[in-house]
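Please look over the sequence and the model below before reading on. The notes after them are meant for someone meeting this structure for the first time.

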Amino acid sequence: MEFKVFTSSEGNVWKYVFTKEDMVAEAVLYKYNDFYDRTVICCSVMSGCPVGCKFCGTGAKFVRNLTADEIVTQIELVLKDKNLIEDINEKCKKLQFMFMSMGEPMLNWDEVEKAIRILNKKFNNAQLLLSTIGCDNDEVFNKIIKLSKGIDKVGLQFSIHKSNDDDRNKLIPFYKKMNLEKIRDAGIIWWKETGRHPFLNYCVDGTNNTEQDFKNLTLLFSPVVFNFTFSVVCSPDENMKETSFRNLEVIKDFQNRFLEHGYNVRTFDPAGQDDIGGGCGQLWYVQNWLKSHNA
Ligand code: SF4
């Protein structure tokens, strides 16, 4: 796999774009203070994605599934490029690999599961976070539970982004997905089976943070079970830095309401981290590849 690296102006985020004749994929490396304090790598599980989220640059341009080997290779190439491959597993205080760049893990489950097993053997200190819209597929969800029980490093995050199904269906038009009630039920099952808390990823866009949204979310999702990740959402034509300046205060206000109600909350604060193309598939280089390959 060939790759190109794009570095953020502040030097703490790198986007890697991998290409072969028939695919493009991307991974993002985040350094927090020092690589040995905290390192996060988000990698792709598909080239493109058929889910079609409205805010996503990848939006409905599906090229193909990645193999387990291609998923693992992204992580390894990133670590090799920064000379971290030999000692990051032993020395890093918080090492996280996230399956949340291009692609939906539940739609390529067999290869994602293989990749997780390989990565867990090679990097047994790494947390392995699955981020999914929650595809409505009980067979795959049962496999996720089984894997999560076997490997205690596996985490689960549902991307919900809206507090009601009508709005969520517009934002995430993929039809075979769990509705919010089913996500709640699936999250409770996963929590009971693993003893770990699932996360709900909620991108605050200025329209989904009303009093009614707060009521809907707190009625559906108990703080006993669910943790929240609040983050910014980028439109496909803006970068994360522009977006974060617009939304960060709004996120903090909304987040505080949840904190006051006993939720465990974290904010993905990208300020100063990413001026190289925010979300999935948004880098101009990836867009050009998709266009030139008629994706
Ligand atoms: S946000 Fe993720 S699931 Fe949605 S279209 Fe983009 S890559 Fe696919």
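Predicted model: local features only at pLDDT ≥ 70, side-chain atom pairs only at ≥ 80, totals over all residues.

Residues are numbered from 1 along each chain as its sequence is written, and side-chain values use heavy atoms, with hydrogens and water left out.

- Strand 3 covers residues 23-32, and because nine of its 10 residues are buried, it is largely enclosed by the rest of the structure; buried means under 20% relative accessible area, exposed over 50% and partly exposed in between, with a 1.4 Å probe and protein chains only.
- Strands (E, at least two residues) and helices (H or I, at least four) are DSSP runs numbered from the N terminus, and two strands pair if DSSP finds at least two bridges between them.
- On one side of the pairing, strand 2 (residues 13-20) runs antiparallel to strand 3 over eight bridges, with Thr-19 standing opposite Val-24, and these two strands form a hairpin with two residues between them.
- Strand 4 (residues 38-43) is also antiparallel to strand 3, joined by five bridges, and here Lys-31 stands opposite Thr-39.
- The hairpin of strand 3 and strand 4 has five residues between the strands, and Asn-33 takes a positive phi near 65° in this hairpin.

**Nonpolar cores**

- A nonpolar core is a set of buried Ala, Val, Leu, Ile, Met, Phe, Trp, Tyr and Cys residues joined through side-chain atoms within 4.5 Å.
- The largest nonpolar core has 78 residues, of which Phe-97, Phe-141, Ile-160 and Phe-228 touch the most other members.
- Helix 1 (residues 68-81) gives the largest share of this core, with seven residues.
- Leaving aside neighbours within four places in sequence, Phe-97 is in contact with residues including Ile-41, Ile-75, Leu-79 and Phe-123, where contact means heavy atoms within 4.5 Å.

**Aromatic rings**

- The structure holds 19 aromatic pairs; rings of Phe, Tyr and Trp (its six-membered ring) pair if their centres lie within 6.5 Å, and planes under 30 degrees apart count as stacked, over 60 as edge-to-face and the rest as tilted.
- The rings of Phe-221 and Phe-226 have centres 5.0 Å apart and planes at 75°, so this pair is edge-to-face, and both residues are buried.
- Phe-258 and Tyr-263 are edge-to-face because their planes stand at 70°, with ring centres 5.4 Å apart; both are buried.
- Ring pairs also link Phe-258 and Tyr-263 into a cluster with Tyr-202, Phe-214, Phe-228, Phe-230 and Phe-254.

**Two buried polar residues**

- Asn-216, found in helix 7 (residues 211-220), counts as buried at 19% relative accessibility.
- The side chains of Asn-216 and Ser-163 are joined by a polar contact of 3.0 Å; such a contact is a pair of N or O atoms within 3.5 Å, where within protein one must be able to donate a hydrogen and the other to accept it, and residues adjacent in sequence count only if both atoms are side-chain atoms.
- Gln-255 lies in helix 8 (residues 240-260) and is buried, with a relative accessible area of 12%.
- The C-alpha atoms of Gln-255 and Val-265 are separated by 7.0 Å, although these residues are 10 residues apart along the chain.
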